[in-house]
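I opened the model today to look up its aromatic side chains. My notes are below.

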Amino acid sequence: MLRQNRHKPSGIGAGKKWRRFIYGDDGAVSIYLVIAATGILLLMSVLVDFARVAAFRKQLELSAESGIRSSLSAYDESLYERYGLFGAGGTDRNAIFSRVAQHNWEASNGRFRLLDIQYGSSHVNSYEVLGTHAVFKRQVLEEMKYKAPIDFTLEVASRFAPAASAMKEASATVRLLGQIRGLYDKREAHLAKVLSLQREAAKAGEDGIAELVPVKLHHAIAGNTALSVAAGYGAYLDWIRHDASLKEGEMPLFSEAIASFASNARSVSGELRSNSRKALSRHQELEKQAYQELEEARKFNDEMQQAVRNMIAEEGKTNTGYDRVGNNGQLKGASPSGASTGDLAQMQQSRQAVQQLILPLEWFDSYRNELSSQTAAFASFDSEAAGFQSSVSASLGGGGSAALLTEGAAQLRLAYEQYAAKYIEPGTVINAREQQMKERQSTDAEHKKKEAEAKSKLGEVRSMLHGITAVPQLEEHQQLFDEVRKRFEANLAFNQLADADGSETADVVDDPEDASEASMSQMGAVFGGIADMLDGIRDPLYLNEYVVHRFHTFDPQKLQAIFENGDKNEFAHALSFNNQEAEYVLYGFYHPSANIAAAYGEIFSVRLAVRTMEGLIEYAKTGNPLLVLVSAVLYGIEKSLEDMMTLARTGSTPFSKYVSVQVSYLDYLRLFLMLHGGGESRTARMIAVIEQNTGFDLSRTSTGLSGELKASVNLWFLPGVIKSFVKFGVLSGYVKGGRYEETTTIGWSYG
């Protein structure tokens, strides 16, 4: 009982608790909690909607990516199968994009969904086309990287590598001898002119003088000569004394004889003096001309010496294309070269023998002194002629003596005899110079003979190549080329490029040695291109290999009939554009036979370089280096003609007698593609060929697409807050009717 009395009724205690909750101090904390909870709830609502918007935007981006990739999957199979290129085609791309994008958002089917995404609109645009050169090249490079074309070119390079050392020596030899030949010919032409001027001066010293001062004694005392004047002077004095001693009334007996002698003496001495002065003046004039010609000859001689110095300096270079190919470790399995060290040494000796053709500087100094001596020798005679005239005048005036006149005539004759011996008859000085020239030019006759043979053979080559271009063209063939030209020009215009085509053919020049030098230069460029390829310059190589693999090339055997018997029929019908696509890409000519002629012209040039190298070894022991050159060139032309016939029969040629491998027509085209480089015009021609064969307009064939997708998501809590985010740039969409809408754009390409 006592325990129960201690406890208060339960109803009274509960009422006090409620009063304390309402009126007590602890109620303030509860209100603050409510306010805080409300703020947190608002913040969480904003964060939830913001997170849903962020998730929506990510879904929108992923859907656009999926749609654009699916749109690109609709590529044209025929274009890919034939040329390995991707271009959009087939099913409507807008439909694919829309369907795939919406497929990512499954319908709710009455279930709760975190994101209620609704499709708005979409469309697909093209932003890259295959006709753009950068896009086209990128696709070609991607295609060829998986085809490992490098192996094919390495194989071609391995065939050329064994001849690198021999071709380097041959190129240096031909280049030097070619330079020396031109300089030598110019020098000798000027020296021949000097000799001609010497002879002209001697002729001036002979005309009008030799008959007055004969060298032979029995001629000197006969007729009207200086010596005959001196010899007759004694009789002249006797006539004068006789007539002077006559008595008054006696008639003079020798008046006429005295007058005749005096007249003749004055005439002979006067004419001799006049002719001598003219001859001396002519000597001095011709001497100046001879000096000029000699100086020109010396300049060319100096250039010959400089060419040798340059050659010696270049021999020390070890980073040429020939060296980089010959020493490249990638070319394993290359055939060994048959050109021995001794063969290479022989070509070096041919270059060194050029020193024999160069005249020392002292030689020119000596020749200049000789020209001066000739004028001086005649000037000495002219002095004697002047003295003789004075002696005659004095003697006829009565102040002379027979002894002095005779001595003057003798001195005159002696001076002229000394001059004539050196420069007229026998002309020892001039003859010695002529003999030197003959010795220097001892092989010129044989050189000219071989050069004529080489020109004749070169004419056969020109006729062969002209025969290719002279074939009557079929109208349908020309029409195809005209169509391709329009496509080419349209593509250049689309890429905003000028027609910088300007392909050049390896035209065969008229001069055999010039043709050989040009072919050596071309071969140097070929080895340089191979070296660049081996050093890692791969992109141009991939483009070249694409041309070789994807485009048709001409069958060289179609030329056999026209080469062997002049039958043009088969060749004319084989000149369809589709039979020479690669050649067109390489050269860019729009005449059905021009590209084939260009290819064969370059093949001949390569063959001439290789065969000339063989000829330099074959004829190295001939002696005169210029004769070695022309003999090697003649050999090269003859063998190259045989190679051209072999190519037409079998489709390939042996590389060299020193490297026993075969080089096919396709291999030659690989070399020429590399030799001529790329360029935008070649890319435009590649595109023109593809368009011609497929009917596509690659400037409208998409390889990159941009998709625009618009969709919306519902907002759960506070659309106004999200709208504020949009207003202040936090979000890029917009709020409409309780939904957040946004548009995303994405681009994608084939590569």
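I worked from a predicted model, in which local features need pLDDT of at least 70, side-chain atom pairs count only at pLDDT 80 or more, and totals for chains, interfaces and linings use all residues. Residues are numbered from 1 along each chain as its sequence is written, and side-chain values use heavy atoms, with hydrogens and water left out.

**Ring pairs.** I found 29 aromatic pairs in the structure. Rings of Phe, Tyr and Trp (its six-membered ring) pair if their centres lie within 6.5 Å; planes under 30 degrees apart count as stacked, over 60 as edge-to-face and the rest as tilted.

**Phe56 and Tyr740.** The ring centres are 6.1 Å apart and the planes stand at 90°, so I logged this pair as edge-to-face. Phe56 is in helix H3 (residues 27-72) and Tyr740 in strand E6 (residues 739-749), so the pair ties together parts 684 residues apart in sequence. Helices (H or I, at least four residues) and strands (E, at least two) are DSSP runs, numbered from the N terminus. Both Phe56 and Tyr740 are buried, meaning under 20% relative accessible area with a 1.4 Å probe, protein chains only.

**Tyr322 and Phe527.** Here the centres lie 4.8 Å apart with planes at 40°, so the pair is tilted. Tyr322 belongs to helix H12 (residues 321-326) and Phe527 to helix H19 (residues 512-534), 205 residues apart. I noted Tyr322 and Phe527 as buried.

**Cluster.** Phe378, Phe381, Tyr416, Tyr419 and Tyr423 make up one aromatic cluster.

**Arg433.** Its charged end sits over the ring of Trp363, 5.1 Å from the centre, and over the ring of Tyr367, 4.1 Å from the centre. The criterion is NZ of Lys or CZ of Arg within 6 Å of the ring centre and within 35 degrees of the ring normal.

Notes
Buried means under 20% relative accessible area, exposed over 50%, partly exposed in between (1.4 Å probe, protein chains only).
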